[in-house]
Amino acid sequence: MIRGIGGINISMRNSVHSLQGSMTSLAEMGKYPSMSLAERMANVTGTAVTSESVAAYSKTNTAENDVDLDELSEELRGIFKALRKCLELRKKYMKYSLQCPGDNPKDHDDWLVYPPHVTKSSYDPVTGVFVQADEEEKYKVHEFVFEECTIPGNDASKFYTVSSDGTFGVFAADSGTSGLSVDKKVLYKYPSAKEYYQDQDFILTAISDGPMKSFAFRRLRYLESKFQMYVLLNEYQEMADSKRVPHRDFYNVRKVDTHVHHSSCMNQKHLLRFIKAKLKKRPDEVVIFRDGQHLTLQKVFESLNLTAYDLSIDTLDMHAHKDSFHRFDKFNLKYNPVGESRLREIFMKTDNFIKGRYLAELTKEVFTDLESSKYQMAEYRVSIYGRKKDEWDKLAGWVVDNKLFSENVRWLVQVPRLYNVYKSQNILQNFQQLLENIYEPLFEVTKDPSTHPKLHIFLQRVIGFDSVDDESKPERRTYKKYPTPKNWDIALNPPYSYYLYYMYSNLCSLNGWRRERGFNTFLLRPHAGEAGDTDHLTSAFLTSHSINHGILLRKVPAVQYLYYLDQIGIAMSPLSNNALFLNYERNPFFTFFQRGLNVSLSTDDPLQFHFTKEPLIEEFSVATQIWKLSSTDQSEIARNSVLQSGWEMQFKKHWLGESCHLPGPAGNAIHKTNVPNIRLAYRYQTIMEERYMIYSSNHQRIASNEMIESPTMADPVNIPLPEPKTHEEGRSLHNFPQEYVQPIDVPDSSRSGPPADAYPSASSYGASVSTQSTNRRTSVQMGTSATKDVSPYMAPEPLLSMSSDLIEFPRVSGSTHGSAVNSPNGGPQLYSSSLKRNNKMTELMLDSSPTLPAIPVGSFASRMVPQNAKDYINADDIGADVDDNF
């Protein structure tokens, strides 16, 4: 490359000689690989960067490429080893709790949603128009009818009980007995409390290491700078791509409010208008029993010396002003209208004298606003406190009896960390009672849904669990070794990590049983990183599917880097943080977004922080003004929110495209998401580079001694290739070219030689495994181009969905591996025998994966998606240089 650059003539010579020098330089540069190893793995071969794929790549390529195995320092090896261990620990915990993609039965195509989903319109990418559904069907309202719901029967083959460690366990029932014998083992395993704290201690030790913190900080700064460079090169191309998409813009892409509390889901004006209407139209309705007497709404306001005319936004005083900053106690008082707890009980509680009727009517009005906007969804959090076991039946009865069902709404259950309050009031005697009040009704309805039919129906719309409270409260280490929940009978509140472990361990048992019965499973999505200790983030890293807030990640670069590597969802609420803990201009949301963390915008509490009836749009609006977000940025954040959400997969496919479960551009449908493919290609390529860097060092040292046989070279002419789905001539489903082309401005003579040898690839998504893989090669003749088939669905799944025990690499001896022979095209070519197939799963490691679409290289990156096919550089052009330069 230095010779090529030096060959460029920059003097005042003849222009012809100058042009020849430039062409020679480009040709010389074209002989060298312009992409990193990870880019080649992620984009050329479609290989997922996991420990298995890196092992295969290292073993098949180290010997012939003569890589220096000692170039990594011991310090870097230690850092990479610690990062790998942290990621494997999280992977273990996610597999135990069935929070991985594809684990939830409701993500299957045959899952029935009641009331059923109505498709109001659909986009036809062939004709480029939206096809409206039948008008009668479009406006048909699917009313919820309790009698139409199917209630399954009892599962007599299993029973549940509290294990000695305080967690509910599920056991197989013997014939003639349902008791627990000594030799019985739990059917659904979960990590012990000791194992959990040991794993957490390992992560805390790793992230506090000086070299680890420096390394993570530098990588995150690099990712941020790399995104800024990408925007400089591709901003105009992204704008052009978005303009070519018909109908779709930021306002009509689906967006989900992934973190919003139901009791404050309305804005202040909405609540004020509702209170005034009830006070004028129903003043004589008995609404509360207080101080030994029944009070009407009129008498309640007379006791407050207020009339309907006196009420205003200022009188309600529910907005979080300056006095709430770092004062979570004052913020909680903002839930009381006019500062009166009795008004909160009347209008904002589900369990009160009027059985939550006012809140149900308010909720239906909010549902109507969401449905009228069509493109906004919300995941509302309702509370289960754990004081009594009948809380679940009351909450489910409130939802079912008031028919609070909407396509735009799903529910999460938040559990406040208030054991110390209940203990001081003698409601509970120990922490075990709290756990039993929360989880025993769930195990009962899982075993026999007929015992709690309304609860069974309600749980079908429940996504998961949230843990809420003031994280800034100090946590004193009372015990050297934490006792079991039954023995935690002191007045002090358990620490955050203790709460989270027992929520997680019970979910492991519950999810295992529910999945086996065909019921939907639950996710753990707690508040973490809003304030307090950083170990909250490490506890959530191990146990939780995604988190809310996460602003403290800015102080712990190593944990932030781990959240990036595993793409853990973070629902951030900058306006909420601005009022409580962190000024808006210091909020790390935009920094996280630039670095590639999986972030979304959410409202938290519209009643306290927002002013309009579209609080999510208000949140996007402020963020766009402060951080100058582009339309592509807004659409990407909206797409992230849908993927983070707990909606059924059939809804996500309808909103984002049929392949939305795939990562990168393969999972993108720009006519639905308004996100250009080049943006997602950049995101995917970048994270593959980071993962490859972490995992590659694990296998390089053994690669030279433990060789496996690389795939056999096949004749590309005799391989039957499937026809791609095309919607216009020369284009694939994802707007990629299907023609093999030469790089522009590069002489044909500089691109001789066959493409590189293929790398093994493995890909899995949930329980479905694709076992079809073919070795595709195209011979590149000098000065000619061959037609290539393109499969836009070959992008591998994220690290979390890969299973480390699927594939076993056989060891073979011999020194003939990697011997080069001359190909028919004159370039060096590698030939070897096929991989041994130990079982059906090894078919994943067949010869090669289909080639991914054309990608830009070097100075051509700014022309990522040109209109003319001649402006593309095909992936095989890059692969052709591997044999010569490595």
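1. Valine 256 stands opposite methionine 377 in strand E8 of this predicted model. Residues are numbered from 1 along each chain as its sequence is written. Local features need pLDDT of at least 70 and side-chain atom pairs count only at pLDDT 80 or more, while totals for chains, interfaces and linings use all residues, and side-chain values use heavy atoms, with hydrogens and water left out.

2. E8 (residues 376–383) runs parallel to E5, and five bridges join the two strands. Helices (H or I, at least four residues) and strands (E, at least two) are DSSP runs, numbered from the N terminus; two strands pair if DSSP finds at least two bridges between them.

3. Strand E13 (residues 546–549) is joined to strand E14 (residues 569–572) by three bridges; serine 546 has glycine 569 in E14 as its bridge partner.

4. The pairing of strand E6 (residues 286–290) with strand E7 (residues 293–296) is antiparallel, over four bridges. Valine 286 has threonine 296 of E7 as its bridge partner. The two strands form a hairpin with two residues between them, and aspartate 291 in the turn has a positive phi of about 55°.

5. Helix H8 (residues 210–243) has 34 residues, which at 1.5 Å a residue should span 50 Å; the end C-alpha atoms are 47 Å apart, which agrees. The expected span is 1.5 Å times one less than the number of residues. H8 bends by about 60° at asparagine 234, the bend being the angle between axes fitted to the seven residues ending there and the seven starting there.

6. Helix H21 (residues 557–565) packs with helix H29 (residues 677–696) at an angle of about 115°, their axes being 10 Å apart. Axes are lines fitted to C-alpha atoms, for helices over the stretch in contact, and angles run from 0 to 180 degrees between N-to-C directions. H21 is therefore roughly perpendicular to H29 (65 to 115 degrees). The contact (heavy atoms within 4.5 Å) includes Tyr561 of H21 and Ile687 of H29.

How values were computed. Parallel < 35°, antiparallel > 145°, perpendicular 65-115°, else oblique.
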